[in-house]
Amino acid sequence: QGYEGLVEGGDNIKQATWLSVSNIIQLGGTVIGSARCKAFTTRRGRLRAARNLVERGITNLCVIGGDGSLTGADIFRAEWGGLLEELLRDGACISEEVARANGRLNIVGLVGSIDNDFCGTDMTIGTDSALHRIMEVIDAITTTAQSHQRTFVLEVMGRHCGYLALVSGLASGADWLFIPESPPEDGWEDLMCERLGE
């Protein structure tokens with residue numbers, strides 16, 4: 001469950017074995033769980049997460065997520081030394097030997113965002129799956145739209161990035177497209193009606 005699992009600890013942190021990951025390849029990436037974690041936005045929450053990691057001897061994290069997840073990872077990495085010192089001061093939490101053995105936290109950040117809005121990569125994790133799902137939906141409703149001679153409006157995700165809308169619009173032969181990078185000009189309504197009328 002992402003940072004929620006890190007803060008809560010217990011059964012949320014477990015070793016991935018061949019047995020535990022077999023038969024999940026066809027499932028979406030969220031099979032590992034995903035949750036917003038208010039506690040991790042506080043130092044106290046990150047202290048609990050650090051203790052859970054240190055107790056298990058985990059010093060390497062692979063964080064897959066968007067802006068919030070990767071920002072959280074950067075803060076966690078920057079605070080790591082201070083968090084260990086605080087756990088050491090508490091006395092009962094960790095020993096000096098354990099603190100030394102876990103003195104460095106290594107983090108690999110992978111952009112998991114269907115928006116495809118991260119520079120330096122051709123496609124972020126999740127974008128291709130989202131495009132396939134969008135095209136499945138378009139294929140399913142196109143026949144209905146044609147038989148009923150109706151216009152369908154399809155809204156896709158993308159927040160500030162129109163990549164999904166643009167590519168699925170091109171692939172499906174959409175007649176009109178709105179994307180945040182190119183807001184419609186004044187009078188777009190008339191132009192759109194004219195295009196649809198044709």
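**Strand pairing, cores and helix packing**

Asn60 stands opposite Asn106 in strand 2. This is a predicted model, in which local features need pLDDT of at least 70 and side-chain atom pairs count only at pLDDT 80 or more, while totals for chains, interfaces and linings use all residues. Residues are numbered from 1 along each chain as its sequence is written, and side-chain values use heavy atoms, with hydrogens and water left out. Helices (H or I, at least four residues) and strands (E, at least two) are DSSP runs, numbered from the N terminus.

**Domains**

- The domain assignment gives domain 1 (2-111) and domain 2 (127-197); such bounds come from an automatic or database domain assignment.
- Between the C-alpha centres of domain 1 and domain 2 there are 40 Å.

**Strands 1 and 2**

- Strand 1 and strand 2 (residues 106-111) run parallel and are joined by six bridges; two strands pair if DSSP finds at least two bridges between them.
- In strand 1, Leu61, Val63 and Gly65 point to one face and are buried, where buried means under 20% relative accessible area, exposed over 50%, and partly exposed in between (1.4 Å probe, protein chains only).

**Nonpolar cores**

- A nonpolar core is a set of buried Ala, Val, Leu, Ile, Met, Phe, Trp, Tyr and Cys residues joined through side-chain atoms within 4.5 Å.
- The largest such core holds 23 residues, and Leu6, Phe40, Phe76 and Trp80 have the most contacts inside it.
- At least two residues of this core come from each of helix 1 (2-8), helix 3 (43-56), strand 1 (60-65) and helix 4 (67-89).
- Helix 4 gives the largest share of this core, six residues.
- Apart from this core lies another, of six residues, among them Ala130, Met135, Ile138 and Leu164.

- Contact means heavy atoms within 4.5 Å.
- Leaving aside neighbours within four places in sequence, Trp80 is in contact with Ala50, Leu53, Val54, Asn102, Gly103, Arg104 and Leu105.
- Asn52 has its place in helix 3 and is buried, at a relative accessible area of 10%.
- With neighbours within four places in sequence again left aside, the contacts of Asn52 are Leu6, Val7, Glu8, Gly9 and Ile13.

**Helix 7**

- Leu164, Ala165, Ser168 and Gly169 are the buried residues of helix 7 (residues 163-172).
- They cover an arc of only 120° around the axis, so they sit on the same side of helix 7; the arc is that of the directions from the helix axis to the C-beta atoms.
- Helix 6 (127-147) is included in what covers these buried residues.
- Exposed Leu170 and Ala171 are on the face of helix 7 turned away from its buried side.

- Most residues other than glycine have a negative phi.
- Asn23, a residue other than glycine, has a positive phi near 70°.
- The loop between helix 2 (18-21) and helix 3 holds Asn23, which counts as exposed at 63% relative accessibility.
- Gln149, also a residue other than glycine, has a positive phi near 50°.
- Gln149 lies in the loop between helix 6 and helix 7 and is exposed, with a relative accessible area of 73%.
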